[in-house]
Amino acid sequence: MFIFFNNSFSSDPLNLRTERWKAIVEYIEALAAELSIPAEMVAYALGALDLWMAALGKTTIEIGQSEEAHQTMTEKDALTFDYYIRCKDLLKDQYGFDDKVLTIYGIKGAFPKSRKDKLRSVQNLLDGNTELTTTGDPKVLPAAFINKLQGYLIESNAAFSTYVLKEKPEALNAVDQQTALY
């Protein structure tokens with residue numbers, strides 16, 4: 001049996017809380033009469049470890065899925081931004097220092113730092129390519145390059161949505177439920 005050095009259960013780490021529940025389940029029935037514990041509290045105590053273990057399991061799974069979704073989003077973003085940089089470099093090689101065209105593509109200056117601004121840069125390049133394609137500019141990127149960049153952007157946005165709208169809230173909800181049960 002686990003040895004408890006204090007009764008400060010409100011500050012227990014998760015593993016110690018689990019061990020306390022195990023001890024309660026093991027001894028509650030034997031001590032119930034001596035401690036005058038009502039039958040409904042004994043019944044609750046006997047089932048509480050299962051509730052606790054289920055909450056721990058759910059939290060572990062949800063946090064794992066959230067971390068995996070975040071990693072997927074990071075990987076998709078890396079592919080998108082790497083391919084964008086290659087397209088940007090190719091366009092700069094083709095157009096040189098034509099500020100007007102570089103402005104249309106939105107590729108003047110350094111690549112931004114925030115994810116939101118990076119995605120805006122990718123979209124600006126795509127929009128600029130569409131604009132210059134409609135004017136008949138022969139130096140625009142080939143359709144295969146644009147399609148690949150659009151595909152990467154779609155995958156990045158889908159991975160972001162999965163992480164932010166589904167997996168992260170589910171993980172936070174599981175943690176909240178576990179905390180409430182704690």
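**Notebook: rings and helices**

I began with Phe81, which counts as buried at 11% relative accessibility. My cut-offs: buried is under 20% relative accessible area, exposed is over 50%, and partly exposed lies in between, with a 1.4 Å probe and protein chains only.

I noted that this is a predicted model, where local features need pLDDT of at least 70, side-chain atom pairs count only at pLDDT 80 or more, and totals for chains, interfaces and linings use all residues. Residues are numbered from 1 along each chain as its sequence is written, and side-chain values use heavy atoms, with hydrogens and water left out.

**Entry: aromatic rings**

How many aromatic pairs does the structure hold? I found six. Rings of Phe, Tyr and Trp (its six-membered ring) pair if their centres lie within 6.5 Å; planes under 30 degrees apart are stacked, over 60 edge-to-face, and the rest tilted.

One of the pairs is Phe81 with Phe111. Their centres are 5.8 Å apart and their planes stand at 65°, an edge-to-face pair. I then checked where the two partners sit. Phe81 is in helix α2, while Phe111 is in the loop between α3 (99–105) and α4 (115–134). They are 30 residues apart, and the pair links distant parts of the chain. Helices here are DSSP runs (H or I, at least four residues), as are strands (E, at least two), numbered from the N terminus.

Tyr84 has a relative accessible area of 1%, so it is buried.

Arg17 lies over the face of Tyr182, 3.7 Å from the ring centre. The rule asks for NZ of Lys or CZ of Arg within 6 Å of the ring centre and within 35 degrees of the ring normal.

**Entry: helix packing**

Two packed helices are described by the angle between their axes and the distance between the axes. Axes are lines fitted to C-alpha atoms, for helices over the stretch in contact, and angles run from 0 to 180 degrees between N-to-C directions.

I took α2 (residues 39–95) and α5 (residues 143–181). They pack at about 160°, with axes 7 Å apart. α2 and α5 are therefore roughly antiparallel. The limits are under 35 degrees for roughly parallel, over 145 for roughly antiparallel, 65 to 115 for roughly perpendicular, and oblique for the rest.

Which residue classes make up this contact? I listed 22 nonpolar, nine polar and nine charged residues. Ala, Val, Leu, Ile, Met, Phe, Trp, Tyr, Cys and Pro are nonpolar; Asp, Glu, Lys and Arg are charged; the others, Gly among them, are polar.

Next came α4 and α5. Their axes come within 11 Å and cross at roughly 150°. I therefore wrote down α4 and α5 as roughly antiparallel.
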